[in-house]
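Work through the questions below with the model open.

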Amino acid sequence: MKVSRGGPARPWAQVVERRPSPEADELGHARSNASSAATVAIATVAVIGLLLWVLRAVFDVVALVFAGILLAVFLRGIGDWLSRRTPLSSGWALVVTVAALAAVVAAGVWLIAPSLAAQVDELAQRLPQAARRVAEHAGRYAWGRELAERLSDVRILSHARQALLGATRLLSTTLGALAGAVVVLFVGLFLAAEPAAYRKGLLRLVPIARRARASTVLDDMGHILRRWLLGRLLSMAVVGVMTWIGLALLGIRLSLTLALLAATLTFVPYLGPLLALLPAALLGLLQGPAMAGYVVALYLGIQLVESYLITPLIQRSTVSLPPGLILATQVLMGTLTGGLGVVLATPVLAVLVVLAKRVYVEGVLGDTTVNQGEDVPVPGLPEER
């Protein structure tokens, strides 16, 4: 008897092949893409956080080195100008430049230091009087009394801590400032004495095919920093002289000290003039509200002349920096390294703008119209009618 091997299939032995629906397939791809994007975002945030932590840890040193580079650019610019117009070599021209600047500083200290020290002492005594008068005037109003109470509470809470840490902070700040000044001085002198050696060493870090372009970028950065420094020094001189004359005509005491303060703070765009205005307005307030108004009007007029006459003439041969970008850079660098970062924010931003234009926009993107002015149409965009 033959047994048939091919009987009817049993229902429980049937294998049903199920394929995922298109909707489920798309959902799986979406989940996978979302997971990958989240991973990339977390990794990016972690890397940025690590870089910011490292940058903050070393930014003080980097800022001091950059300040030394600025000093070297300044000294080398004067030395090269002197060398082109005299028989002196570049080395001897640099020696003469350093000696002349040292003599000028020493003569200024010898002639101005006694009267300046007396004015600074008087300023330290008169500013609290002006501040008390402002507080008395504000105390006539409800908002002024409320503000005074809050400030008083803050002073009481922080008084003990300030008493304990005051001497240590003063000592550490003084020693740190002296050490920083020494570092900046030696870095500037060494870089100004042998710029070619450091330049060649830096260019050797660039691939051979790109060294010519890197050399051009370094030349552009040096030119921008020289012109920017020249513009700042010219602005400082004009602001200092105009402030001295204006305050003397108004009869404000300590006009020399306030003028030197205004000239020094002009090195920091936007924030510096505002800080210079505060002590002058307070001293003017001691002679009456009208005098304080005259002082404010004087400072505003001087800043208008500096902002709309001197700065545009200088920026014709330098990079034009938007005010919002300057302020954002000052806040960022001030957060990272304090006052030194605020002082160096504008030249650092100028260097970064040159790098972005020359290396990325021209070198990577191939856009050669970046330095042809704002009136030139942007490649890839339709022309505006």
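Q: Does D80 count as buried, partly exposed or exposed?
A: This is a predicted model, in which local features need pLDDT of at least 70, side-chain atom pairs count only at pLDDT 80 or more, and totals for chains, interfaces and linings use all residues. Residues are numbered from 1 along each chain as its sequence is written, and side-chain values use heavy atoms, with hydrogens and water left out. Buried means under 20% relative accessible area, exposed over 50%, and partly exposed in between (1.4 Å probe, protein chains only). D80 has 26% relative accessibility, so its class is partly exposed.

Q: Which residue meets D80 in a salt bridge?
A: A salt bridge needs a side-chain nitrogen of Lys or Arg within 4 Å of a carboxyl oxygen of Asp or Glu. Here the N to O value is 3.4 Å.

Q: In which helix do R76 and D80 both lie?
A: Helices (H or I, at least four residues) and strands (E, at least two) are DSSP runs, numbered from the N terminus. R76 and D80 are four residues apart, about one turn of the helix. The run covers residues 22-85 and is α1.

Q: How many residues separate D219 from its salt-bridge partner R199?
A: The closest N and O atoms of D219 and R199 are 2.9 Å apart. D219 is partly exposed at 41%, and R199 is partly exposed at 27%. The pair links distant parts of the chain, from helix α5 to helix α4 (residues 195-203). The separation is 20 residues.

Q: Which residues are joined with R213 into one salt-bridge network?
A: R213 in α5 pairs with E362 in α10, 149 residues away, with closest N and O atoms 3.0 Å apart. E362 is buried at 15%, whereas R213 is partly exposed at 37%. Salt bridges that share partners extend this link, and the residues joined with R213 are D220, R358 and E362.

Q: How many salt bridges does the rule give?
A: D219 and R199 form another. The count is six.

Q: What is the geometry class of the pair formed by F186 and F190?
A: Rings of Phe, Tyr and Trp (its six-membered ring) pair if their centres lie within 6.5 Å; planes under 30 degrees apart are stacked, over 60 edge-to-face, and the rest tilted. A search of the whole structure finds two aromatic pairs. For F186 and F190 the centres are 6.1 Å apart and the planes make 45°, so the class is tilted.

Q: What is the angle between the ring planes of W228 and F267?
A: This pair links distant parts of the chain: W228 is in α5 (residues 211-250), F267 in the loop between α6 (255-265) and α7. Both residues are buried. The centres are 5.2 Å apart and the arrangement is edge-to-face. The angle is 80°.

Q: Which residues touch T346, leaving out those up to four places away in sequence?
A: T346 lies in helix α10 (residues 339-364). It is buried because its relative accessibility is 3%. Contact means heavy atoms within 4.5 Å. The residues are W228, P269, L321, I326 and Q330.

Q: What area does the nonpolar surface patch with V182 and Y198 cover?
A: Patch residues have over 30% relative accessible area and no salt bridge; like charges are joined within 9 Å, nonpolar side chains (Val, Leu, Ile, Met, Phe, Trp, Tyr) within 5 Å. Members include L185 at 42%, F186 at 44% and F190 at 51%. The largest share, five residues, comes from α3. By the Shrake-Rupley method with a 1.4 Å probe, the area is about 560 Å².
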